[in-house]
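The sequence and the coordinates are shown first.

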Amino acid sequence: MNSRNLLSASFALTIVWDLRRTLCPMLLAAAFVIGPCQPGLAQYEALDLGPEEPAAPALPAGGGTLFQNVRIFDGKNTALSAPSSVLVRGNTIEQISANPAATEAGAAVRVIDANGRVLMPGLIDAHWHMFLAAVSPAVLVTADPGYLNLLAAREAEATLMRGFTTIRDMGGPVFGLKRAIDEGVTVGPRIYPSGAMISQTSGHGDFRSHYEVPRALGGPLSQSELSGVAAIADSPDEVRLRAREQLRHGASQIKLMGGGGVSSPHNPIESIQFTEAELHAAVEAAENWGTYVAVHAYTPAAIRQAIAAGAKCIEHGQLIDEPTAKLLADKGIWWSLQPLTYDADVFARMSPVSQKKALEVFAGTENAYKLAKKYGVKTAWGADILGDAGAASRQGQYLAMMVRWYTPAEALKMATADNGELMALSGFINPYPGKLGVVEAGALADLLLVDGNPLDDINLVANPEKNFVVIMKDGRIYKNTLSN
Ligand SMILES: [Zn+2]
C-alpha cells in the first residue's frame, strides 16, 4: 500500500499548534505579526502601485501551439482518441482535428510533434493547502511571514511541475500567492482559495494555545487567526462576518469546520460543530456572492447538519453511513474524499487520543469509497497534505493509489473533468471562468503530454518528472523536454 506519510489537516496541525504551546508567546508574536519597514514615499514614486493592475505578461500576439499526432484522454471518455491534432491559441483550446498531421498556416505557432503520445487535461487537486503542504510545523510557527510565502511559492512551482495545473485550496493564507501566480510574478497552478478555515471555539480549526483562551469579546485576534490560517467564530453573526471577510479577500468558496477532527485535541471526532444556523449564515453569505460552502465533516450527524444548512460540498466524510451517502447522491452534493489509509510513520507520531480517532477514519476510507461508488455520489479527489514536503512531493501517488477502488480512467476523470466541474461551482466569482479539466474546443488550455498511456498505467502520474514531457497552463508552456 502506497500511503507513506499521508497527512491530512486533521493530523498535522496538532503538531504545529502543540509546538507553539512550548514556545515563548513573544517570539511567536514576532514571527506572525507582519510589520514591514515603511520605505520613504520617494522610493515608490517610480513604481505603479495601482493594486488592481495586474502585471501578467502578455501572450504572444496571435501565438499558439499545435500538438500534432496526439492520442487524447479528454477527461471524460474511458478510451483514447484516434491520432489527432490539437491547436491552442492564446489560453484556449481552439480546435481539435482528426488529422494527426494538421498544419497551421498562421504565424507564431509552435509545433510539437507528439509522436503518438497521450495528451490529457492538467490535473486538479480539490483539497490542497498551497501555503501549508510542504512547510514543516516548526518552521510554520516560527518563521518570518515573508519567508513562508517564498517557501509557498517554491512549492507552488513544484506543484505545477507535478502536472497539477489547478488546486482548490481548503485553508491557508494564499491570496497573495495566487495573485503573484496569476500576474506571472511567480510560477504555480491556478488557485481556488478558501482563505482562513472558519471554526467554532474548540472546533477543529481552533488552533489556539491554552494561554490564548478565554478571548475577550471584541478582543484581539489569536496568532493563528492573524496568520490567516484560521478564523474563529461563535454565533451566526460572527460566522457571517468571517465568511464575508474571506470573500472580500477573493475566496472562491468558504471552508467551515463542521465536525470533529483526528488530531485536534479539544474536540471529539463525534462532535458536531457549529449549529445549523451558524453554518447557514456562511451559506447565505457565500450564495449571495454566487458561490458555496464546503464543510469538514466525518460523521453522519455532522454531514447531515451541513447538508441541512445548505453546504454544497462535504470534505472527508470517512465515517459516513449508508443512508447519508444516499442523501448526498439524492441532493447532488459533492463529496471531496481523500484516500486516507494507515501509515505507520504518521501513526507513530500521534497522541493516543488521535491514534484512536485515526484508526476509525482509516477504517472508514474503504467503506466511504464503496458507498460513493454504490450511490454514484459526485466525488472529488484531493490529497490534503500538510506539513510534510516529502508527502507533498508524492501528490501524484495519492492519485495513483485510487486504483484500489476505481479504474485508472475513473480516477483520472475524477482528478480532471469532475474536479473541473466542482471548481465551476464558484459561480460568478469563479477566478478562472472557462472550462477546466477537459480537452475540448473552447476549454482553457491546461494540458499534459504524457510519455505512455495513463489509462493503462496510472502510475505514470506518480512520476511526473519522467513521464510528463510537456506541461501547459493557460496556453503557456512551463515544461517541454521534447527536442522538436
Ligand atoms: Zn485539508
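Is Val118 buried or exposed, and what is its relative accessible area? In this predicted model, Val118 is buried, with a relative accessible area of 0%. The residue belongs to strand S5, which covers residues 118-121. Once neighbours within four places in sequence are left aside, the contacts of Val118 are Arg71, Phe73, Leu80, Leu448, Leu449, Val450, Gly452, Asn453 and Pro454. Val70 lies 48 residues from Val118 along the chain, yet the C-alpha atoms of the two are separated by 5.7 Å.

**The chain as a whole**

The protein chain contains 16 helices and 18 strands, and 57% of its 484 residues count as buried. Among the contacts in the chain with a separation of 6 or more, 73% are accounted for by residues 24 or more positions apart.

**The zinc site**

Three residues coordinate the zinc ion, namely His127 through NE2, His129 through NE2 and Asp384 through OD, at 2.0 to 2.2 Å. Along the sequence these donor residues follow the spacing H-x1-H-x254-D.

**Helices H7 and H8**

Helix H7 (residues 236-249) packs against helix H8 (residues 276-288) at an angle of about 30°, and their axes are 8 Å apart. Because angles under 35 degrees count as roughly parallel, H7 and H8 are described as roughly parallel to each other. The crossing in which H7 passes H8 is right-handed. On the H7 side the contact is made by Pro236, Val239, Arg240, Ala243, Arg244 and Leu247, and on the H8 side by Ala277, Glu278, Ala281, Ala282, Glu284, Ala285 and Ala286. Sorted by class, this contact has nine nonpolar and four charged residues, with no polar residue.

Gln246 also lies in helix H7, and with a relative accessibility of 6% it counts as buried. Not counting residues up to four places away in sequence, Gln246 touches Phe175, Ser194, Gly195, Ala196, Ile198, Ala231, Ala251 and Ile254.

**Backbone features in loops**

Most residues other than glycine have a negative phi, and most peptide bonds are trans.

| Residue | Phi | Relative accessible area |
|---|---|---|
| Phe274 | about 65° | 4% |
| Asp474 | near 55° | 17% |

Phe274 is found in the loop between strand S11 (254-257) and H8, while Asp474 is found in the loop between strand S17 (468-473) and strand S18 (476-480). Phe274 is buried, and Asp474 likewise counts as buried.

Which peptide bond is cis, with omega near 5°? The bond in question runs from Val213 to Pro214, and Pro214 is placed in the loop between strand S9 (197-199) and helix H6 (223-226).

Methods
Residues numbered from 1 in each chain as written. Predicted model: local features only at pLDDT ≥ 70, side-chain atom pairs only at ≥ 80, totals over all residues. Heavy atoms only, no water. Donors = N, O, S within 2.8 Å, 3.2 Å for Na, K, Ca; no water. Axes fitted to C-alpha atoms, helices over the stretch in contact; angles between N-to-C directions. Helix = DSSP H or I, 4+ residues; strand = E, 2+ residues; numbered from the N terminus. Parallel < 35°, antiparallel > 145°, perpendicular 65-115°, else oblique. Left-handed = near helix turned anticlockwise from the far one by under 90°. Contact = heavy atoms within 4.5 Å. Nonpolar A, V, L, I, M, F, W, Y, C, P; charged D, E, K, R; others polar. Buried < 20%, exposed > 50% of the residue type's maximum accessible area, 1.4 Å probe, protein only.
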